[in-house]
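Here is a short briefing to read alongside the model. Take a moment with the fold, then follow the notes on one strand and its surroundings.

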Amino acid sequence: MQLVCPNCLTKNRVPDERLQDSPVCGKCGETLMPPEPIKLDDASFSRFIEGSDLPVVVDFWADWCGPCKMMAPQFSAAAQKMRTLRFAKVDTEASPQASVRFRIRSIPTMVLFKGGQEIARTSGAMSASEIERWVQSQI
């Protein structure tokens, strides 16, 4: 399995059976599977999404968005519970290229990627359990 380090963006090979062993990056030593969502920006988005063999759930949000702020702890709770997936956040104001590329029209919007390709999306704030159900219904 290939995983991109959320810290230095180095691609790492990890045997599937070692995913639960808290693997670390071979270059920088940071954890490859942090329990909290990873912050992505325009510079890191493509490399992280396209380089990960695991599905990635991305929350497109903005600091001024009330529903986004309400959903943030729910998204983090889902990330902590669903440790066999990767969760990431993209601030649409700070990273407009990623938002335009994926035609984000409303926020919060969650997009599920697998193999670097979008496979599903949903808009609107959700609870952690609703996020989990949505993700599981898509993969």
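Two strands pair if DSSP finds at least two bridges between them. With that in mind, welcome to this predicted model, where strand 4 and strand 6 (residues 109-114) pair in the antiparallel sense over five bridges.

**Strand 4 and its burial**
- Strand 4 (residues 56-61) has six of its six residues buried, so it is largely enclosed by the rest of the structure.
- Val 56, Val 58 and Phe 60 point one way from strand 4, while Val 57, Asp 59 and Trp 61 point the other way.

**Partners of strand 4**
- Between strand 4 and strand 5 the chain passes through helix 2 (residues 66-81), giving a β-α-β crossover that is right-handed.

**Helix 2 against helix 4**
- The axes of helix 2 and helix 4 (residues 128-138) come within 8 Å and cross at roughly 55 degrees.
- That angle makes helix 2 oblique to helix 4.
- The crossing of helix 2 past helix 4 is right-handed.
- On the helix 2 side, the contact is made by Met 71, Gln 74, Phe 75, Ala 77, Ala 78 and Lys 81.
- Helix 4 contributes Ala 128, Ile 131 and Glu 132 to this contact.

Notes. Residues are numbered from 1 along each chain as its sequence is written. This is a predicted model: local features need pLDDT of at least 70, side-chain atom pairs count only at pLDDT 80 or more; totals for chains, interfaces and linings use all residues. Side-chain values use heavy atoms; hydrogens and water are left out. Buried means under 20% relative accessible area, exposed over 50%, partly exposed in between (1.4 Å probe, protein chains only). Helices (H or I, at least four residues) and strands (E, at least two) are DSSP runs, numbered from the N terminus. A crossover is right-handed if, with the strands pointing away from the viewer, the path from the first strand over the helix to the second runs clockwise. Axes are lines fitted to C-alpha atoms, for helices over the stretch in contact, and angles run from 0 to 180 degrees between N-to-C directions. Angles under 35 degrees count as roughly parallel, over 145 as roughly antiparallel, 65 to 115 as roughly perpendicular and the rest as oblique. A crossing is left-handed if the near helix is turned anticlockwise from the far one by less than a right angle, and right-handed if clockwise. Contact means heavy atoms within 4.5 Å.
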